[in-house]
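Have a look at it first, and then we'll go through it piece by piece.

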Amino acid sequence: MTARPLHGRSDTIARLLSGVRGAKNHRTGALLLVTGPAGIGKTAVLAEVCARAAALSVCVLREPADELVDADPDQPLLAVDRLAEDLAETARRGDRKSVV
(Lines give C-alpha, C1' and ligand atoms only; values in the text may rest on other atoms or scores of the structure.)
Protein backbone atom coordinates (compact mmCIF):
# COMPACT_ATOMS: atom_id res chain seq x y z
CA MET A 1 0.00 0.00 0.00
CA THR A 2 1.12 3.54 -0.48
CA ALA A 3 3.26 5.24 2.12
CA ARG A 4 1.21 8.44 1.90
CA PRO A 5 -2.57 8.52 2.00
CA LEU A 6 -4.28 9.48 -1.22
CA HIS A 7 -6.36 12.41 -0.02
CA GLY A 8 -9.85 12.54 -1.45
CA ARG A 9 -9.51 9.17 -3.16
CA SER A 10 -11.02 6.81 -0.59
CA ASP A 11 -14.39 6.56 -2.39
CA THR A 12 -12.71 5.84 -5.73
CA ILE A 13 -10.41 3.23 -4.19
CA ALA A 14 -13.35 1.63 -2.37
CA ARG A 15 -15.38 1.37 -5.61
CA LEU A 16 -12.46 -0.20 -7.47
CA LEU A 17 -11.75 -2.63 -4.62
CA SER A 18 -15.42 -3.59 -4.60
CA GLY A 19 -15.00 -4.71 -8.21
CA VAL A 20 -11.84 -6.63 -7.33
CA ARG A 21 -13.49 -8.36 -4.36
CA GLY A 22 -16.62 -9.12 -6.37
CA ALA A 23 -14.55 -10.78 -9.08
CA LYS A 24 -12.66 -12.83 -6.51
CA ASN A 25 -15.73 -13.83 -4.49
CA HIS A 26 -17.75 -14.82 -7.56
CA ARG A 27 -14.75 -16.32 -9.40
CA THR A 28 -15.37 -14.12 -12.40
CA GLY A 29 -13.38 -11.48 -14.17
CA ALA A 30 -13.87 -7.77 -13.91
CA LEU A 31 -13.01 -4.86 -16.15
CA LEU A 32 -12.35 -1.68 -14.24
CA LEU A 33 -11.85 1.38 -16.41
CA VAL A 34 -10.26 4.46 -14.87
CA THR A 35 -10.30 7.61 -16.96
CA GLY A 36 -9.61 11.28 -16.45
CA PRO A 37 -7.34 14.11 -17.44
CA ALA A 38 -3.60 13.86 -17.05
CA GLY A 39 -2.21 14.62 -13.62
CA ILE A 40 -5.25 13.86 -11.43
CA GLY A 41 -3.73 10.80 -9.78
CA LYS A 42 -5.04 7.86 -11.80
CA THR A 43 -1.69 6.06 -11.64
CA ALA A 44 -1.40 6.54 -7.87
CA VAL A 45 -4.95 5.27 -7.31
CA LEU A 46 -4.32 2.23 -9.50
CA ALA A 47 -1.03 1.49 -7.74
CA GLU A 48 -2.89 1.47 -4.42
CA VAL A 49 -5.67 -0.75 -5.76
CA CYS A 50 -3.14 -3.15 -7.32
CA ALA A 51 -1.23 -3.39 -4.03
CA ARG A 52 -4.43 -4.17 -2.14
CA ALA A 53 -5.52 -6.66 -4.81
CA ALA A 54 -2.17 -8.43 -4.51
CA ALA A 55 -2.74 -8.68 -0.75
CA LEU A 56 -6.00 -10.49 -1.63
CA SER A 57 -4.06 -12.84 -3.97
CA VAL A 58 -5.76 -11.35 -7.01
CA CYS A 59 -3.86 -11.01 -10.27
CA VAL A 60 -4.37 -7.62 -11.88
CA LEU A 61 -3.58 -7.00 -15.51
CA ARG A 62 -3.11 -3.34 -16.41
CA GLU A 63 -3.12 -1.73 -19.81
CA PRO A 64 -2.35 1.97 -19.92
CA ALA A 65 -3.97 4.04 -22.62
CA ASP A 66 -1.64 5.54 -25.16
CA GLU A 67 -2.05 9.30 -24.97
CA LEU A 68 -1.17 9.65 -28.64
CA VAL A 69 -4.11 7.54 -29.76
CA ASP A 70 -6.41 8.26 -26.82
CA ALA A 71 -8.68 10.30 -29.09
CA ASP A 72 -9.48 7.11 -31.03
CA PRO A 73 -12.95 5.94 -29.94
CA ASP A 74 -11.77 2.34 -30.27
CA GLN A 75 -8.94 2.83 -27.74
CA PRO A 76 -10.78 1.15 -24.83
CA LEU A 77 -11.60 -1.86 -27.00
CA LEU A 78 -8.00 -2.12 -28.17
CA ALA A 79 -6.84 -2.02 -24.55
CA VAL A 80 -9.28 -4.81 -23.64
CA ASP A 81 -7.98 -6.86 -26.56
CA ARG A 82 -4.40 -6.48 -25.30
CA LEU A 83 -5.52 -7.44 -21.79
CA ALA A 84 -7.24 -10.55 -23.14
CA GLU A 85 -3.97 -11.55 -24.77
CA ASP A 86 -2.15 -11.00 -21.46
CA LEU A 87 -4.76 -13.05 -19.63
CA ALA A 88 -4.46 -15.91 -22.10
CA GLU A 89 -0.68 -15.89 -21.72
CA THR A 90 -1.01 -15.94 -17.92
CA ALA A 91 -3.35 -18.92 -18.14
CA ARG A 92 -1.01 -20.72 -20.58
CA ARG A 93 1.77 -20.41 -18.03
CA GLY A 94 -0.43 -22.32 -15.60
CA ASP A 95 -1.04 -19.38 -13.30
CA ARG A 96 -4.81 -19.91 -13.34
CA LYS A 97 -5.27 -19.81 -9.58
CA SER A 98 -4.18 -16.21 -9.38
CA VAL A 99 -6.24 -14.97 -12.31
CA VAL A 100 -9.66 -13.79 -11.28
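The salt-bridge count here comes to one. This is a predicted model, by the way. Which residues form the salt bridge? The partners are glutamate 48 and arginine 52, with their closest N and O atoms 2.7 Å apart. The two side chains also make a polar contact, again at 2.7 Å. Both partners sit in helix H2, and because they are four residues apart there, about one helical turn separates them.

Is glutamate 48 buried or exposed? With a relative accessible area of 3%, glutamate 48 counts as buried, because the cut-off for that is under 20%. Arginine 52, at 31%, is partly exposed.

| Residue | Relative accessible area | Class |
|---|---|---|
| Glutamate 48 | 3% | buried |
| Arginine 52 | 31% | partly exposed |
| Leucine 16 | 10% | buried |

Now for the helix itself. H2 covers residues 42–55, and at 1.5 Å a residue its 14 residues should span 20 Å. The C-alpha atoms at its ends are 20 Å apart, so the model agrees with that expectation. Besides Glu48, the buried residues of H2 include Val45, Val49, Cys50 and Ala53. What do the buried residues of H2 pack against? Their partner is helix H1, residues 10–26. After H2 comes serine 57, which has a positive phi, near 60 degrees.

On to the greasy part. In soluble globular proteins, nonpolar side chains tend to be buried together. The largest nonpolar core in this model has eight residues: Ile13, Leu16, Leu17, Val20, Val45, Val49, Ala53 and Val58. H1 and H2 are the elements that give two or more residues to this core, and H1 gives the most, with four.

Leucine 16 lies in helix H1. Setting aside residues up to four places away in sequence, leucine 16 touches Leu32, Val34, Val45 and Val49. Leucine 16 and leucine 32 are 16 residues apart in sequence, yet their C-alpha atoms are 6.9 Å apart in space. Valine 20 is the other one: leaving out neighbours within four places in sequence, valine 20 is in contact with Leu32, Val49, Ala53, Leu56 and Val58.

Methods: Residues are numbered from 1 along each chain as its sequence is written. This is a predicted model: local features need pLDDT of at least 70, side-chain atom pairs count only at pLDDT 80 or more; totals for chains, interfaces and linings use all residues. Side-chain values use heavy atoms; hydrogens and water are left out. The expected span of a helix is 1.5 Å times one less than its number of residues. Buried means under 20% relative accessible area, exposed over 50%, partly exposed in between (1.4 Å probe, protein chains only). Contact means heavy atoms within 4.5 Å. A nonpolar core is a set of buried Ala, Val, Leu, Ile, Met, Phe, Trp, Tyr and Cys residues joined through side-chain atoms within 4.5 Å. A polar contact is a pair of N or O atoms within 3.5 Å; within protein, one must be able to donate a hydrogen and the other to accept it, and residues adjacent in sequence count only if both atoms are side-chain atoms. A salt bridge is a side-chain nitrogen of Lys or Arg within 4 Å of a carboxyl oxygen of Asp or Glu.
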